[in-house]
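Here are some exercises to work through with the model open on your screen. Try each task on your own before you read the solution.

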Amino acid sequence: MSDSDDYAFDEESGEWMPASELAARRAAADRVEVRDFVGNLLADGDQVTLIKDLDVKGAGQTLKRGTLIKSIRLTGDPQEIDCKFDGIKGLVLRAEFVRKR
């Protein structure tokens, strides 16, 4: 018997299905969708633009509306994205304040 012949019981649907299909279904369910302020799906590496001026706590500066943030990284939280910006280490922005380019 090969791995492709293994079946597993899916508690959610109450059905037996190939183990590989069940694993793929669970991985898709665990993925967090992060969306910008208009509902566009964001992914690692996307570029975003700020939709309003934001005061950056601890950095003593304000990021202006229209500022381009290159190469974002998703954090696993549906509302937060990790960003790199010159002069600011560890910048985390809320997805509701950005728009995908």
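**Exercise 1. Find which residue stands opposite Asp-82 in β11, and describe the strands around Asp-82.**

Step 1. Start with Asp-82 itself, which is found in strand β10, residues 80-85. Strands here are DSSP runs of E with at least two residues, numbered from the N terminus.

Step 2. Look across to β11: the residue opposite Asp-82 is Val-92. This is a predicted model, in which local features need pLDDT of at least 70 and side-chain atom pairs count only at pLDDT 80 or more, while totals for chains, interfaces and linings use all residues. Residues are numbered from 1 along each chain as its sequence is written, and side-chain values use heavy atoms, with hydrogens and water left out.

Step 3. Follow the pairing along the two strands. β10 and β11 run antiparallel and are joined by 5 bridges; two strands count as paired if DSSP finds at least two bridges between them.

Step 4. Widen the view to the sheet. It is open, has 3 strands in the order β9-β10-β11, and pairs in the antiparallel sense. β9 (73-74) and β11 (88-94) are at the edges with a single partner strand each, so one side of each has no neighbour in the sheet.

**Exercise 2. Work out which residue forms a salt bridge with Asp-82, and whether Asp-82 is buried or exposed.**

Step 1. Search for a salt bridge, meaning a side-chain nitrogen of Lys or Arg within 4 Å of a carboxyl oxygen of Asp or Glu. The partner of Asp-82 is Arg-73, and their closest N and O atoms are 2.6 Å apart.

Step 2. Check the polar contact too (a pair of N or O atoms within 3.5 Å; within protein, one must be able to donate a hydrogen and the other to accept it, and residues adjacent in sequence count only if both atoms are side-chain atoms). The side chains of Asp-82 and Arg-73 are joined by such a contact, at 2.6 Å.

Step 3. Compare accessibility. Buried means under 20% relative accessible area, exposed means over 50%, and partly exposed lies in between (1.4 Å probe, protein chains only). Asp-82 is buried at 18%, whereas Arg-73 is partly exposed at 47%.

Step 4. List the contacts, that is, heavy atoms within 4.5 Å. Leaving out residues up to four places away in sequence, Asp-82 touches Ile-72, Arg-73, Thr-75, Leu-91 and Val-92.

**Exercise 3. Say how many salt bridges there are, and locate the one between Lys-100 and Asp-46.**

Step 1. The count comes to 4 salt bridges.

Step 2. Lys-100 and Asp-46 meet through their side chains at 3.5 Å, N to O. Lys-100 lies in strand β12 (residues 98-100) and Asp-46 in the loop between β4 (41-42) and β5 (48-50), so this pair ties together parts that are 54 residues apart in sequence.

Step 3. Another salt bridge joins the side chains of Glu-96 and Arg-94 at 2.9 Å, N to O. Here Glu-96 is partly exposed at 36%, and Arg-94 is partly exposed at 35%.

**Exercise 4. Identify what Leu-63 touches, and whether Leu-63 is buried or exposed.**

Step 1. Locate Leu-63 in strand β7, residues 61-63.

Step 2. Its relative accessible area is 2%, so Leu-63 is buried.

Step 3. Not counting residues up to four places away in sequence, Leu-63 touches Leu-50, Lys-52, Asp-53, Leu-54, Val-56, Phe-85, Ile-88 and Leu-91.

Step 4. Pick out one of these partners, Lys-52. Leu-63 and Lys-52 are 11 residues apart along the chain, and their C-alpha atoms are separated by 8.4 Å.

**Exercise 5. Describe the hairpin of β1 and β2.**

Step 1. Strand β1 covers residues 7-10 and includes Tyr-7. β1 pairs with strand β2 (residues 15-18) in the antiparallel sense over 4 bridges.

Step 2. Between the strands of this hairpin there are 4 residues, and Gly-14 takes a positive phi near 75 degrees.

Step 3. Look across the pair: Phe-9 stands opposite Trp-16 in β2.
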